[in-house]
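I opened the notebook to look up a few things in one structure. The entries follow in the order I made them.

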Amino acid sequence: MSIVIQGVAKTFTGRRGTAPVAALHPVDLEVAETELVVVVGPSGSGKSTLLRVIAGLEAPERGTVRIGARDVTAMPPGARDVALVSQEPALFPHLRIADNIGFGERARGTSRDEVRRKVTDAADALGIGAALERRPHELSGGERQRVALARALVREPAAFLMDEPLSALDAELRLRMRIEIKDLQRRLGVSLLYVTHDQHEALALGDRVAVLDAGHLLQIAPPRELYERPGSAFVARFIGALPMNLLPSGDAGDQVLGVRPERVRTAPADRGRVTGRVLTVEPAGEGCLAHIAVPGAKERVLARLPWPEAPEVGAETGLDWDDGDVHRFSGADGRRTG
Ligand code: ADP
């Protein structure tokens, strides 16, 4: 079922003497039925708060939360029919994996045979069918996370919420499991709202990706659009393997010109669009990453170059790019202007 939130705002009124924290400014977000939406943002941007409001663990100050046709804003977590999977799954250490997965169903009064069937199905779907007789401490971190996912599956919830479910795992396992999560979501045809701070993961997983910064939802778009047409300088720097280069432009320096490091070429000194001094050249697999100090630019300009174009450290080099690769932002508020 769909997840629809409208105008959801949340301020934490800290303890006495501490200033209130606006964790979410009014946020609108919709996850269509069968859609996978990823919310990505730096630490402290409000991602967990958003999920906790949807799950019913945190009351919003304003706004509504709907799951399918139901307004669940005032409902307790248990009545919302959503499953939340978080970074560190809380498993019962003394219970077998099978009982951990089936615990909620048993508590709901489902028959023993029916629970066994559901647990076996969910465990098989997640490749932990052989671990059902073991205890949590006998499993790897990745397997424990699969148990948490299986436990969510068994409930057959109307919608799934996941809060950084892979961030405790090593890089290789993260890669494998994110593919599995996407496959699973497709097969089940459910809506999933997935939170991560990792923009790689966000782009790889999401049908659409929502970028959150300091409680503001800046942009929501399919991954490719987010990369190709970022709506603001913040999104341009946050999304992509490398942050977009930003250079002052316009007569009064009131505009910002953006170009991605992978679109920058070198040119003879004074023959490019800008000229700068090469500070470092980092090897980066099949090519290199040159750091160039350009007068007037606040940060060093990065250029992702094939090895034959690697400039000499200390040399002056021109930098060039195609008109079609230029992004323009307002110098005042960072919004895209062209
Ligand atoms: P994220 O998940 O993106 O890291 P959070 O949603 O956890 O961000 O937090 C958003 C902001 O709200 C942060 O500034 C955080 O310190 C604050 N915050 C979160 N939970 C509480 C709380 N229970 N009390 C006070 N402030 C909180």
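This is a predicted model: local features need pLDDT of at least 70, side-chain atom pairs count only at pLDDT 80 or more; totals for chains, interfaces and linings use all residues.

Entry on the whole protein. I counted 8 helices and 18 strands. Along the principal axes, the C-alpha atoms fill a box of roughly 80 × 45 × 40 Å. Of the 338 residues, 46% are buried; I took buried as under 20% relative accessible area. I then looked at contacts with a separation of 6 or more, and 63% of them come from residues 24 or more positions apart.

Entry on the ligand shell. I listed the residues that surround the ligand: F12, V21, A23, P42, S43, G44, S45, G46, K47, S48 and T49. By class, I put 4 of them down as nonpolar, 6 as polar and 1 as charged. Which elements supply at least two residues each to this shell? I found β2, residues 21-31, and α1, residues 47-55. With 3 residues, α1 gives the most.

For S48, a backbone N or O atom is 2.8 Å from a ligand oxygen. For G46, again a backbone N or O atom, I read 3.0 Å to an oxygen of the ligand. I also noted the area: the ligand taken alone exposes 560 Å², and the protein buries 60% of that.

Entry on strand pairing. I followed β9, residues 208-213, to its partners. How does β9 run relative to β3, parallel or antiparallel? I found that β3, residues 36-40, runs parallel to β9, and 4 bridges join the two strands.

I then turned to β10, residues 216-221, which pairs with β9 in the antiparallel sense over 5 bridges. Here D213 stands opposite H216 of β10. β9 and β10 form a hairpin with 2 residues between the strands.

How values were computed: Residues are numbered from 1 along each chain as its sequence is written. Side-chain values use heavy atoms; hydrogens and water are left out. A residue is near a molecule or strand if one of its heavy atoms lies within 4 Å of it. A polar contact is a pair of N or O atoms within 3.5 Å; within protein, one must be able to donate a hydrogen and the other to accept it, and residues adjacent in sequence count only if both atoms are side-chain atoms. Accessible areas come from the Shrake-Rupley method with a 1.4 Å probe; for residues, only the protein chains shown count as cover. Ala, Val, Leu, Ile, Met, Phe, Trp, Tyr, Cys and Pro count as nonpolar, Asp, Glu, Lys and Arg as charged, and the others, Gly among them, as polar. Buried means under 20% relative accessible area, exposed over 50%, partly exposed in between (1.4 Å probe, protein chains only). Contact means heavy atoms within 4.5 Å. Two strands pair if DSSP finds at least two bridges between them.
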